[in-house]
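Thanks for coming. I have one structure for you this morning, so please take a look at it before I start.

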Protein chains: 4
Amino acid sequence: MHHQFVPQQFYRTIGTHPIALTVQNGDSVSIPCVDAHGVDGNDQSVTAPGNPMSGPIAVAGLSIGDVLSVTFEHLEPLRGHGWSYPTLAGNVVDPEYIAAVPYAPGSTVPKEYWDLDRTAGIVRSRGTHGMVVTAPYKPMVGCFGVAPARGEAISTATSGPHGGNMDVRFFGTGCTIYLPVAVDGGLFFIGDAHLVQGCGEIGGTGVESAMQVDVRLSKAPMKSISWPRAEDATALYTIGNARPLDQALQHATSEMHRLLMECGADATSAAVIMSQLIEYHIGNVFDPAFTIVAKIAKSILIQHGLRSTFRD
Amino acid sequence: MHHQFVPQQFYRTIGTHPIALTVQNGDSVSIPCVDAHGVDGNDQSVTAPGNPMSGPIAVAGLSIGDVLSVTFEHLEPLRGHGWSYPTLAGNVVDPEYIAAVPYAPGSTVPKEYWDLDRTAGIVRSRGTHGMVVTAPYKPMVGCFGVAPARGEAISTATSGPHGGNMDVRFFGTGCTIYLPVAVDGGLFFIGDAHLVQGCGEIGGTGVESAMQVDVRLSKAPMKSISWPRAEDATALYTIGNARPLDQALQHATSEMHRLLMECGADATSAAVIMSQLIEYHIGNVFDPAFTIVAKIAKSILIQHGLRSTFRD
Amino acid sequence: MHHQFVPQQFYRTIGTHPIALTVQNGDSVSIPCVDAHGVDGNDQSVTAPGNPMSGPIAVAGLSIGDVLSVTFEHLEPLRGHGWSYPTLAGNVVDPEYIAAVPYAPGSTVPKEYWDLDRTAGIVRSRGTHGMVVTAPYKPMVGCFGVAPARGEAISTATSGPHGGNMDVRFFGTGCTIYLPVAVDGGLFFIGDAHLVQGCGEIGGTGVESAMQVDVRLSKAPMKSISWPRAEDATALYTIGNARPLDQALQHATSEMHRLLMECGADATSAAVIMSQLIEYHIGNVFDPAFTIVAKIAKSILIQHGLRSTFRD
Amino acid sequence: MHHQFVPQQFYRTIGTHPIALTVQNGDSVSIPCVDAHGVDGNDQSVTAPGNPMSGPIAVAGLSIGDVLSVTFEHLEPLRGHGWSYPTLAGNVVDPEYIAAVPYAPGSTVPKEYWDLDRTAGIVRSRGTHGMVVTAPYKPMVGCFGVAPARGEAISTATSGPHGGNMDVRFFGTGCTIYLPVAVDGGLFFIGDAHLVQGCGEIGGTGVESAMQVDVRLSKAPMKSISWPRAEDATALYTIGNARPLDQALQHATSEMHRLLMECGADATSAAVIMSQLIEYHIGNVFDPAFTIVAKIAKSILIQHGLRSTFRD
């Protein structure tokens, strides 16, 4: 069944908030998301800034210890433009270099607007701050997740085992993310969509826009994962969220070793495969918590007779 | 002119050691490298383990503040097999997960041998420890660099502004690396070649082999870089070496901002481009120092009217 | 006025939960706290483990941007014994050393019980695991704080600008802590008391006991602090909570510079004083977030004609 | 026997440099040290800046795997004044706070001079930059160590297992430091003395002066330590040098566990003692590598029947 979600309220924490919609296992939902500053597709400010989330959406029958599968079926911008900050975050450059960065950390940074050119498949900055810059149109979602354990309500500025503000640039159409369910129904939240974004979201923004996200929500054939996982047409992924990056990498790497064993590898073979074939991708490095993604190509798994998908 | 380097001695530090060969600006050199344990192409142990380096090679006319351009013209394995450790490093997994890793950190780890199948373009483990694993044949060099400043002699187990044990998997044929010259002549060292390696060298090894590396050494059209840079057919790169990864990322990101300004961007435009278009790659995370590579595609530079190469 | 707080419910997050008691500015409250596992002074398990908190207590008239002053007037154990884990946390030793630590991370760790000898002023382990160990009786509170901003509810396993599980060993009788008020009334929570604890809480526990804590709650003569501060008879302190320790130190150091300027120093003099006279203390290094305390002795402030107290 | 060391040359790396003096086991040596900028007791610049070292001094009979004991018998300033930088290092404050610090990182920082008042037991800044600041006279040595393994020559700007620029404020008269010998004779270097210094050397300097250091050098009754250790009248210490601080703490904590077992504790008892009684001290946080010191009071060791000294 397909649902149209109509946000009545937005949340700046991911927690056990009152359920806004309950869907059945395998249902799809069209979810309109405001941008990171709470502005919608009509350029109306409808809620306070700070990655406001649409949700929560419960999936009937999901229990603690289950895994929620979220497939991004389609991302559709709700307006023809976005904005970004023309700066670099203080923590991504050397302390001695901060003075050389435009709009020093802590100062007021003006917005640079970008227009979406669907025909050309690009977004183009207006050049108000610096030159006119073009980038490929690659819509993605920066922040989403499920209600965390023990009643926590975690700011959408950060991330953790529950997901959150991970800003992984390939979390777009065709990607499935697996999230550890910590409360009955899972309670899914989503927002902070970008028309494009570099790795790390190092300026503190992608090209921020309002967007409708069509997701399919179901119970994944996994049990009790420790960290988010993902899958697209070509690879399986594990995601670690922590600071420093070293610890995020430890989380993602441990989870990948567990994942490969669930795919049928013994502990030693999993280590051998990872040593020579793993890839890493860097998500958000602007948050309180940073994100590292570990990746193993499906072709490798197939080649070695291992399970290569957790989709139905 | 082309030279054949014949190592008389190997070094386990990169420092101001006696020059073994002096070449002219633009000369090429074929350099045979033993593997990380000092074993050559005939399976003979010729020097002590620990990333022994061939070198140093001086380039006539290079002065402090110049930049050495090193182009890897060809990598040729000197034997048909390599080895790896079938484990994961202690620091790449969660402390609570270490007990689940095969061959715990600190214990003796047996070697797994791999055979090179040139026809198929793969390397194949013998399956002594775990299953038979195949990986694409992608030869690369783990450790190389120039003599550091102030008379330091730095272990080839680690890395820094001078280069060193960076273990970047695309440092192979066709890649040019730019290194900051800290002593007259530069003094180039190289070793620790791999038939293939995953990102991070998270098991502590790639598939370690002896290899001949053909390099072209010349003075690059750059002045006084702070960190290594690189270039291949498709992109420009900057490299940060430090621990934690957060600091390595700061180095690489600051250097990329400087690089884009040298390519013609103003400070604000450089920040805008980086925010939406940068990519990061993770090198060694096993060393005392870790490596992060920042990348901007040449197509982006060309599209924005910026300089896109520092090759002649 | 003095109040006796009677917990009806315990919380394992610090957040905007229903107010259990409202007091007037300057009132004192006796607050019974269960131990970290939810066990009270009669050895009865009254709530689930995980640093359950007594509270929240609101202070009438406190508004967002104000600072709550919490003075620990007296700490009184509610039973004559405590317990600890006879191990070291996985993250406080080298990865290669974890195998040498008793009760490896992830395994089941038995409790070691300790008895309080008030006459001798010591606590003494029973020697069930290892030798009989004695330590001075120095009661303190590991976890306390105020409701954080934006509706967050933060696990009592960790810490942040709101306070939380800081495990600073001198947070005992006679210490005043200043906390940034993020919701009207402040909403104070407290629990996780120890009969004694080493720096860092490196085994994951102090000597855990139920304790009654008498606090005086008032509005401090400060505005809009960024991080907790503290004061006792001899010094002023600032507290940073983050991971890695490097970032916690940045928070504490920045806050100390701000504090010294509020005490009357210009920016340069504050830097000079800090460079030669600051001390650091390490709080919790077991949490997701770690704690560093910066300290400047009151004698130094007095000597230089600077404000040396924020007590009434 | 007592020696007077006369430096002929200074070193800005600690490495296997030509031996300047060989002493017998247990001999004492008076070593004049220039300040961090190479200026001597007569205000003469005698060598380049950057923590120039006096040395190396070999101890006859010391072999690889032995431990060098260095006792600071007396520290005597060679001039009546010192200098410091009136700033804070970029990496010790929040990136957003850097702009508020006097003399931004990367800019030119003027020197503030301080006078030593022996009668009063203080040093007093001249107030050229900021107010007149007084601090207790507590002479100490910032940088010393032994030649590292594998032929490394390590910059005196940083630290490692060999010692180096640790900037521990209690490394003064009466303190004994134990260093792991990696080359025959040990090869001891020393320099970078301070009239006083705050924890962390967070401005990048103590009050820098030329100083004569009288040391006694001998073979310690220990074997094959992994990290420096220290001892004074009241405590035993272990020192970890690395970045981030989290890793330095892991080194120091692992080494303390080993040390307590050498003192007679079993592994579990050592963990119990450390959990409730360890203290940490922060050394240099300005270096490439940071320093953490773990401390256990001798009174605790004595009380539990454990060895409490490694002095003769």
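Strands themselves are DSSP runs (E, at least two residues), numbered from the N terminus. This is a predicted model, where local features need pLDDT of at least 70, side-chain atom pairs count only at pLDDT 80 or more, and totals for chains, interfaces and linings use all residues. Residues are numbered from 1 along each chain as its sequence is written, and chains are lettered from A and ligands numbered from 1 in the order in which they are written.

Start with chain B. Strand β8 (residues 112-117) pairs antiparallel with strand β9 (residues 122-125) over 4 bridges. Between these two strands the hairpin has 4 residues, and B:Gly121 takes a positive phi near 70 degrees. B:Asp117 stands opposite B:Ile122 in β9(B). Strand β7 (residues 81-84) is also joined to β8(B) by 4 bridges, again antiparallel, with B:Gly82 partnered to B:Trp114.

Which side chains of β8 in chain B are buried? B:Glu112, B:Trp114 and B:Leu116, which point to one face; buried means 20 or more other C-beta atoms, placed from the backbone, within 10 Å of the residue's own.

Now chains D and B. The contact takes 12 residues from each of the two chains, contact meaning C-beta atoms, placed from the backbone, within 7 Å.

Conventions
Buried ≥ 20, exposed ≤ 12 C-beta atoms within 10 Å, placed from the backbone. Pairing = 2+ DSSP bridges.
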